[in-house]
Amino acid sequence: MSIHIVALGSECPGGVGPGEEIMGQGQLQGGLLWSYLGQGALVGPCDLESSIHNPAFMEYTSRVFGDVTVVVRDCPSWDLLDSDWTSVRKVLEQADILVIKYSVTDKLAFQQVRNNYAPRLRPLLRHWGVPVILVAVGARLNDEGPPCTCPLCASDWSSCVPHSEGLQLSRDLGATYLELPSLNHVFVGRYFGSVLEYFMIQCLKHKAKERPEKRRGNKVNDLRPPHLEQPARLPPIRVEESSFSQDMQWLLERGVQFADVAFYAGDSGKELGWAHAAVLCAVSPYFRQLLLGPKARERPQSRCVCRERDGGPPSLLSTWDGGIIDDLPRTEGHLTGRLSRLVVKDPLLCMCLWETLMFIYRGAWEWDHLQEALDEKLKNSLAVAQLMERIRSLIGKDRSQRDTPSARAAQLGPQTLVNLFNSPLYSDVIFMVQGSVLPAHRAVLVARCDVMAAMFSGKYAEARSRVVPIHGVSSDTFLSFLEYLYTDSCCPASVLQAMAVLVCAEMYQVKRLQHLCEVCVCAYLQSMPSRELSSTGISVIRLLRRAKCHNAEQLYVWLLHFIANNYLIFSHKPDFLELSEEEREQVERLRWPSTGYLQELSEYQQRRRKLRKSRCIVM
């Protein structure tokens, strides 16, 4: 028997460049594989009939384990893959083991292998299933002391290949990763040799299985257990992308009915637009202080004579406590309330107030989009820089964290309304659920839920009442529903809680929340081991019924496949009989293990028992 090993790359710094000659026998004897094979290696083409000779590869043979021939084809030049890829592929097809070498002090050659040649080899290696050994040869040089091979030593990363990059390349190729500081007998024989010998032994075992069984009888060969296929994959649950930013943008553009803040120009007194105090206070601490600060005893006599609050940028905005303003057009039936007038004193902010409000409503984190909008509006880079600085101070962003990735990741759009969730701050509606008092904000509810928009905007009793009773839903479930409307996230604590929120989401026609609850139910059930799944008090059949009743089509299909994949568990439960005839037919068709496999297994066990009895009679 023989083992074919193909080696690519050079363990020497610099390798072999284009136009240079392949290493000679003198250089070869100092190489990695030659050092392992020792003095018994013979240079020259092998005499095996199935071997393919390629002049670009340095070929030599040796013997291991007594009578096993090892054929090594070594090609130190990676450029051959570009010039003669067809012949290289034919050589790789014969390989039983592939060894890829590189020098840790030649980072340029490593990057070329990682970026150019590894993507070409990866699909072939996965298709052939050839074991791969990735060997990093050499010591990383440290200017302050002796050579250091520690993966955490980064003093020479600019010229050497770090441990992390070599390890990542091995993961991409599915290879075994080794680091050899030098090619002495300890590292080559003990480390590299033990790994190579393991793969050679596995290769010999695989080839021995492929040879015809001559010493065994036909009866033993014919008696093989049936093959059990893997269960079918469960269908995925698809969730829509978040529409939180679009919903808040709609609120700014069309939600003037629920607006309670009016902006006016400081120089002309012209009305600039309307906004919602709850959203402004949730995003900006400056607006929170401006709208909720201590009241002045004396009332200003005109719109432009304003009182400035303490703290924040005092030259941007000022407020006038005018009580209830009656000149705002309101829909019939809508509650009247306190409206605040804010005077915009900064001319740049006055010109770009709409872009600033749009930035705040969409979450106050899309700085690049804001800068593009300001550039298009002002056409002046200096003015844009000044206004960006003022907007940062307006929303209270720390200058030291202005452009750091951590600050950007911490300010996600849906998280801007967390402070409003279950908070009485600017609350204009109270839900009474099973005796619990849950404050909320009509503007947020209308923007996030179409049913709430119809309920608070039409000629319903809820539009004229501050207290709204909710029936048929528990307080915890409705609180989780409100949490999604404010934060765009949902984390039920159990399967039953997820199903309850799903029913509430279906009641208020919030499709994305319904699909998120479906994902939670699937995740909880899939994480249960078989023993817990068979003893749990949760009825999966009843979950299937509720999913069908409340139009959770994706969860309904997923539960049918889940029952089929765990057929041996659910078929013995009493509620399995509650399945309809159509559902039972589909479960039987998808069941795992299949009926055909169980029949083959029964026949195999019977034949095995008969064979044992015949052996006992002969003995």
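## How α14 and α15 cross

Helices α14 and α15 cross in a right-handed manner in this predicted model. Helix α14 covers residues 367-378 and helix α15 covers residues 381-395. Their axes lie 10 Å apart, and the packing angle is about 135°. The two helices are therefore oblique to each other.

Which residues of α14 meet α15? On the α14 side they are W367, L370, Q371, L374, D375 and L378. Their partners in α15 are A383, V384, L387, M388, I391, R392 and I395. Sorted by class, the residues of this contact comprise 10 nonpolar, one polar and two charged.

Let us turn to another pair. Two packed helices are described by the angle between their axes and the distance between the axes. For α20 (residues 475-487) and α21, the axes come within 9 Å and cross at roughly 65°. That makes α20 roughly perpendicular to α21. The crossing of α20 past α21 is right-handed.

From α20, the residues D476, T477, F478, S480 and F481 take part in the contact. They meet Q497, A500, V501, C504 and A505 of α21. By class, this contact between α20 and α21 holds six nonpolar, three polar and one charged residues.

## Backbone features in the loops

Most residues other than glycine have a negative phi, and most peptide bonds are trans. With that in mind, here are some places to look at in the loops.

Q509 is not a glycine, yet its phi is positive, at about 60°. You will find Q509 in the loop between α21 (495-507) and α22 (511-526). Is Q509 buried or exposed? Its relative accessibility is 58%, so Q509 counts as exposed.

N551 also has a positive phi of about 60° without being a glycine. Its loop runs between α24 (540-549) and α25 (553-565). With a relative accessible area of 43%, N551 is partly exposed.

The peptide bond from W592 to P593 is cis, and its omega is near -5°. P593 sits in the loop between α27 (581-590) and α28 (595-618).

D260 belongs to the loop between α9 (244-254) and β8 (261-265). Why does D260 count as buried? Buried means under 20% relative accessible area, and the relative accessibility of D260 is 16%. A polar atom of the D260 side chain lies 2.7 Å from the backbone nitrogen of A277.

N184 is in the loop between β7 (176-180) and α7 (185-210). At 29% relative accessibility, N184 counts as partly exposed. Its side chain makes a polar contact with the side chain of S182, at 3.0 Å. How far apart are N184 and Y36 in sequence and in space? They are 148 residues apart in sequence, while their C-alpha atoms are 9.5 Å apart in space.

## The protein as a whole

Stepping back, the protein has 28 helices and 14 strands. It contains 619 residues, and buried residues make up 47% of them. Take the contacts between residues at least 6 apart in sequence: 69% of these join residues at least 24 apart.

How values were computed
Residues are numbered from 1 along each chain as its sequence is written. This is a predicted model: local features need pLDDT of at least 70, side-chain atom pairs count only at pLDDT 80 or more; totals for chains, interfaces and linings use all residues. Side-chain values use heavy atoms; hydrogens and water are left out. Helices (H or I, at least four residues) and strands (E, at least two) are DSSP runs, numbered from the N terminus. Buried means under 20% relative accessible area, exposed over 50%, partly exposed in between (1.4 Å probe, protein chains only). A polar contact is a pair of N or O atoms within 3.5 Å; within protein, one must be able to donate a hydrogen and the other to accept it, and residues adjacent in sequence count only if both atoms are side-chain atoms. Axes are lines fitted to C-alpha atoms, for helices over the stretch in contact, and angles run from 0 to 180 degrees between N-to-C directions. Angles under 35 degrees count as roughly parallel, over 145 as roughly antiparallel, 65 to 115 as roughly perpendicular and the rest as oblique. A crossing is left-handed if the near helix is turned anticlockwise from the far one by less than a right angle, and right-handed if clockwise. Contact means heavy atoms within 4.5 Å. Ala, Val, Leu, Ile, Met, Phe, Trp, Tyr, Cys and Pro count as nonpolar, Asp, Glu, Lys and Arg as charged, and the others, Gly among them, as polar.
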